[in-house]
Amino acid sequence: MRPARLPGEESTIKSALARLSLVKQIILLMLLLGLLGVTGMSVASWMAQSIQGNAHAINKAGSLRMQSYRLLATLPLTSKDDAYLRQIEADQNSIELSNAVAREGLKTQYAAILDYWQRSLKPELQKSSGPQQAKPEVAEFVSQLDTLVAALDQKTEHHLMLITLVQAAGIALTLIFLLLTLYFLRLRLQKPWRQLLAQAKAVTQGDFTQRYRHGDMNANMAKNEMDRLGEALDSMSAALAEMVTSLAQKVEEKTSSLQHKNQMLDFLYRVSRQLHTSQSLEQKLPQVLQELQSLTPLRAIQLRLYDNNSAEFFHEIDSQKSHSPRLAWGETEAFPELEESASLNWRLRDGDENYGLLLARLPHGQSLTHDQQQLIGTLLEQLASALTLDRQTDNHQQLMLMEERSTIARELHDSLAQSLSCLKIQIACLQMQTPPPNEENSLLIKQMRDELNTAYSQLRELLTTFRLKLTAPGLRSALQHTVDEFTKRMGLQVTFDYQLPPRLIPAHQGVHLLHIAREALNNIYKHAAATQVSLSLQHENGQVTMQIADNGSGLPAEALRQNHYGLMIMRDRASSLQGECQVTSRDGGGTLVRVKFCPDSSPLTHKEHV
């Protein structure tokens, strides 16, 4: 009995088979299947050849029986019957019968038949005189031949049965091997092929998650063509998945970038429209700075607007409120998360004009992209352009206003001033008449002359007022120039406090404020004998308040009259500002002039009051 294979041997055989390619394995299976069929047919053919002479031997044995009966019928034998004896002896010693007997293992029976023929039957046939005498010996010989024929026949049938069994076993083995071959093909070819087709279909539908399964194949064993094709398809699926993910990420990044750029363009478009509205900077810029803060990583954004291109006087607008006190920029008490942030600034310029600074803080670890830097640069250009246009508009309006007032002044000088001068000359001529007029007429002439002098003085002051110009750009500069002028004239320092945002007061209103300030300072210079004088302007709740205060002698009694010329001028100008002017005495001595009004938000449509 053959010993069973060891597990190592089976593993070695399986590993050796697995190293063959799938095509070679199929060829090997076909060869084995063919070899099995050829082997079965060869064994059957060999076994058929082993009984090929049995039929001739049986025929010879039958021929011996028939010849023995013929000899029995011809008794007694003569010399003519010797041929029958030789014939029966030749058939007994025939090669077919000898080979069949030897092949089937019947030599003993065959030798007994030959011995019986030589010792008993042949002598008896030769000496018998009649059939009845040799009949028992012939019957015995025939019986021995029948036994031999039966044995040959049995042996032949046994061989045929073995051939049938061999053929049946061959057919059964062939069918079993064929079924195993079909199972192998299904396991190693059809099943992987279906997996590959399903995976390929999933890939065409955009599903890259499916993977080829190697089944029960050991990882250490060699891979066949289907496994390598599955691995290649897995690699392709993984590469396609990575590529699709990368492309989707790039598309998402590009989409996000385009959306961000669209937001920036929309922001710049809305800023451009908003900067050219009639709103003040305190109303427009905080919202702009807040949106800039949402589009960039910048924090604590502030905009410093210089007054008259001077960094000494500026107004701050930040992203949290419309205006803020003048604290040193960079303090982080209100923004503790920005303690480690970097300070950035950009100049707000247009040619030689320096309008201010844009200040911001950049948190630690963050940076501005190229698009964000372009956004800030474009925003600064828009702000500078809007400020330039505003200043040009203010200068043009101021120039038109000054030209109109100069024209009025020339008309007054050429008409009313000349008439008053002529009347003064005529009154002087009346006073020099001889004889002099009576006392009543003299008093009347004197009153007329005093009124003419007063009217002429008021006209000259009015002409001086009309010819006053805002030579410096901005109300602050004009008031500073006035303060410097009266500081020299009074011989004391006039305190000046200006807390108004840039370009809050239009030119036509600024002229009125300048006239009121000059009139109040001129009254202090002429009548107050003060040692402390202050001029201040404040902006609160949309209302501007200007105060001129001194510690002088206070208001004279005649100044309280409703028709006092200086007070009438100041109140009239305050009324032109749609505001009010209050002149009161201070508790500690001196006078306080307070003017309150709301700045005109539409200076181009406002008509100047003269």
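Residues are numbered from 1 along each chain as its sequence is written, and side-chain values use heavy atoms, with hydrogens and water left out. Because the model is predicted, local features need pLDDT of at least 70 and side-chain atom pairs count only at pLDDT 80 or more, while totals for chains, interfaces and linings use all residues.

**Exercise 1. Determine how helix H3 is oriented to helix H5.**

Step 1. Two packed helices are described by the angle between their axes and the distance between the axes. Axes are lines fitted to C-alpha atoms, for helices over the stretch in contact, and angles run from 0 to 180 degrees between N-to-C directions. Helices (H or I, at least four residues) and strands (E, at least two) are DSSP runs, numbered from the N terminus.

Step 2. H3 covers residues 54-73 and H5 covers residues 95-104; their axes lie 8 Å apart at an angle of about 120°.

Step 3. Angles under 35 degrees count as roughly parallel, over 145 as roughly antiparallel, 65 to 115 as roughly perpendicular and the rest as oblique. H3 and H5 are therefore oblique to each other.

Step 4. The crossing of H3 and H5 is left-handed (the near helix is turned anticlockwise from the far one by less than a right angle; clockwise would be right-handed).

**Exercise 2. State which residues join H3 to H5, and classify them.**

Step 1. Contact means heavy atoms within 4.5 Å. On the H3 side stand Asn54, His56, Ala57, Lys60 and Leu64, which meet Glu96, Leu97, Ala100, Arg103 and Glu104 of H5.

Step 2. The classes are nonpolar (Ala, Val, Leu, Ile, Met, Phe, Trp, Tyr, Cys and Pro), charged (Asp, Glu, Lys and Arg) and polar (the others, Gly among them). This contact of H3 with H5 holds 4 nonpolar, 2 polar and 4 charged residues.

**Exercise 3. Describe how H7 packs with H3 and with H8.**

Step 1. H3 and H7 pack at about 170°, with axes 9 Å apart. H3 is therefore roughly antiparallel to H7.

Step 2. The residues of the contact of H3 with H7 divide into 14 nonpolar, 3 polar and 4 charged.

Step 3. H7 (residues 131-204) and H8 (residues 225-275) have axes that come within 10 Å and cross at roughly 15°. H7 and H8 are therefore roughly parallel, and their crossing is left-handed.

Step 4. Among the residues of this contact are Trp193 of H7 and Leu233 of H8. By class, the contact of H7 with H8 has 10 nonpolar, 3 polar and 2 charged residues.

**Exercise 4. Give the strand order of the open sheet and identify its edges.**

Step 1. Two strands pair if DSSP finds at least two bridges between them. The open sheet has 5 strands in the order S5-S6-S7-S9-S8, with mixed pairing.

Step 2. S5 (494-498) and S8 (580-585) each have a single partner strand, so one side of each is left without a neighbour in the sheet.

Step 3. S5 pairs with S6 (residues 533-540) in the parallel sense over 5 bridges; Asp497 stands opposite Ser536 in S6.

Step 4. Helix H12 (residues 475-490) packs on the sheet, touching S5 and S6.

**Exercise 5. Where does the pLDDT stay under 50?**

Step 1. pLDDT is the predictor's confidence in each residue, from 0 to 100. The protein averages 78, and 80% of the residues score at least 70.

Step 2. The pLDDT stays under 50 over residues 322-334. Residues 602-610 are also below 50.
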